[in-house]
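Hi,

Here is the structure I promised to pass on.

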Amino acid sequence: MKVKDREYLEQKLKVSGQLLERGKKCLLSHYTNGNFSEFVFFESGKGSKIVDKDGNEYIDYAMGLGPLLLGHAHPDIVKAATKATIEGSVHGFGNIYEVEFAKLLVDAVPGIEKVAFTNSGTEATLQAIKCARAITKRKKIGKFEGNYHGTHDYAQISGRNATSGNIEDPKSVADFGGIYKEVLDNVITLSMNVDETFDKIERFKDELACIILEPLPLMCPLEMKDFIKRLRDITKQYGILLIFDEVVTGFRLGFGGAIEYFGIVPDLVTYGKLIGGGFPVGAVAGPDEYMKVLSFNQMSYGKDKVYLTGTFNGNPVTCAAGVATLEYLKNNKNVYGEMEKKTMYLRTKLEEAAKELKFTFRTLGAASLFVSYFHEGKIENTRAARWKSTMQAFMILRRHMLKNGVILSDTGSYFLSTEHTYEDCDKTVQIFKKTLEEII
Ligand code: PMP
């Protein structure tokens, strides 16, 4: 970034800059939620836009990193969450919102009979893995290189940026510190859309408790229906539980998420992000046969049970917001088609604008989410998608788009909501063109 651009940004983000300095004295980072959108401090959000502490308005495509399918501060969600807050934000008893929320999930998604709520996607994937181990009495878990499942130990093996070993037989590597070899030894890392993956599963078939995957990986949203179908077949054959991590795709690919989109039913499924309408949430769900392994009672100890409780699990405010979100979607299913059309419009216009300026840029995605790439190589698996140059180019683009009034997420992904308009898309394309002219 040129010095004059940095100066411009410092001028534009004066109050944010001051807050950043204040924050540095007591926080390790102001972006603990993972969206390191430079140093923007948020004042308010409405629909597809946010306003920062300096009064600058942005069109937002980070959208809270995915949870805001209905946009910022949707009136139905604000109303439901406010009502539940006034009634008492936590009380440690059963609440009607949790029952209604679970019922909406069960009715929406094929194969789900029971739901257990957590407060994040991380907790949901961890609990689903524990369930699989307790059910199968096996120790190892299979996961895919480049897939993201949160921040617990098993999720931080060969995650988004991993490329270790051959693609046919990727190595398990710890992405971050604090992870023991014992964990590493029990994670079998697999490659998506690669035939040899099935040989590797055969090799570990008696030890694998489960295989967890993002059915449409956020980092490489390539539709791999045939591959997932083969996975479903082989896991069924060997009694390995198949877990769909639908933290991103749930209710985004369509009302029934990836399960409905691909017509493939896993054994367990995890949710998070958008089902809570912008409040902290996670969920594990599946058929009664498997879900009954969970215990919520401290007195029912035993190695056969997985103990899952939490002070804020099934919190009434979150559940009320979740009910408002899912009811809105249930009653307005047309929004999925509209969002997809708008997203395709934006993707096409961005690609055309880049082509005009002879800038290598293309997009990959489905429904209302997409990712941009800055190379021409073939993208047929997650490893091909994670070229270092792509992330570096995206970081530069992101910073300049921010300066010009568009917020992009840290991961290279764009999330649209029901509130994004064609006018937003056109404005984004104009800003994109201006930005490319600046940075080429
Ligand atoms: N799974 C997937 C597919 C995700 O994208 C994420 C979050 N980005 C998680 C799990 C973890 O969810 P959380 O951040 O709520 O812990």
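**What I found**

Lys-433 is partly exposed, with 18 other C-beta atoms within 10 Å. The cut-offs behind that label: a residue is buried if 20 or more other C-beta atoms lie within 10 Å of its own, exposed if 12 or fewer, and partly exposed in between, with the C-beta atoms placed from the backbone.

Two things to know before going on. This is a predicted model, so local features need pLDDT of at least 70 and side-chain atom pairs count only at pLDDT 80 or more, while totals for chains, interfaces and linings use all residues. Residues are numbered from 1 along each chain as its sequence is written.

Arg-347 is another partly exposed residue, with 19 C-beta neighbours inside 10 Å. Arg-347 belongs to helix 12 (residues 334-356). Leaving out residues up to four places away in sequence, Arg-347 touches Thr-363, Gly-365 and Phe-370; contact here means C-beta atoms, placed from the backbone, within 7 Å. From Arg-347 to Asp-226, 121 residues apart along the chain, the C-alpha separation is 25 Å.

Now for the helices. These are DSSP runs of H or I with at least four residues, numbered from the N terminus (strands are runs of E, at least two).

Helix 3 (residues 75-87) has 13 residues, and its first and last C-alpha atoms are 18 Å apart, close to the 18 Å expected at 1.5 Å a residue. That expected span is 1.5 Å times one less than the number of residues. Its buried residues are Ile-77, Ala-80, Ala-81 and Ala-84. They cover an arc of only 95° around the axis, which puts them on the same side of helix 3; the arc is that of the directions from the helix axis to the C-beta atoms. Pro-75 and Ile-86 are exposed, on the face of helix 3 turned away from its buried side. After helix 3 comes Gly-88, with a positive phi near 120°.

What do the buried residues of helix 3 pack against? They pack against helix 4 (96-108) and helix 11 (316-331). The axes of helix 3 and helix 11 come within 8 Å and cross at roughly 155°. Axes are lines fitted to C-alpha atoms, for helices over the stretch in contact, and angles run from 0 to 180 degrees between N-to-C directions. Helix 3 and helix 11 are therefore roughly antiparallel to each other (under 35 degrees is roughly parallel, over 145 roughly antiparallel, 65 to 115 roughly perpendicular and the rest oblique). The crossing of helix 3 past helix 11 is right-handed, meaning the near helix is turned clockwise from the far one by less than a right angle, with anticlockwise being left-handed.

Helix 4 passes helix 11 too, in a left-handed crossing. Residues making the contact include Phe-101 and Leu-104 of helix 4 and Ala-320 and Val-323 of helix 11.

Last, helix 5 (residues 121-136). Twelve of its 16 residues are buried, so helix 5 is largely enclosed by the rest of the structure. Among those buried are Glu-123, Lys-130 and Cys-131. Lys-137 follows helix 5, and its phi is positive, near 60°.

Cheers

How values were computed
Two residues are in contact if their C-beta atoms, placed from the backbone, lie within 7 Å.
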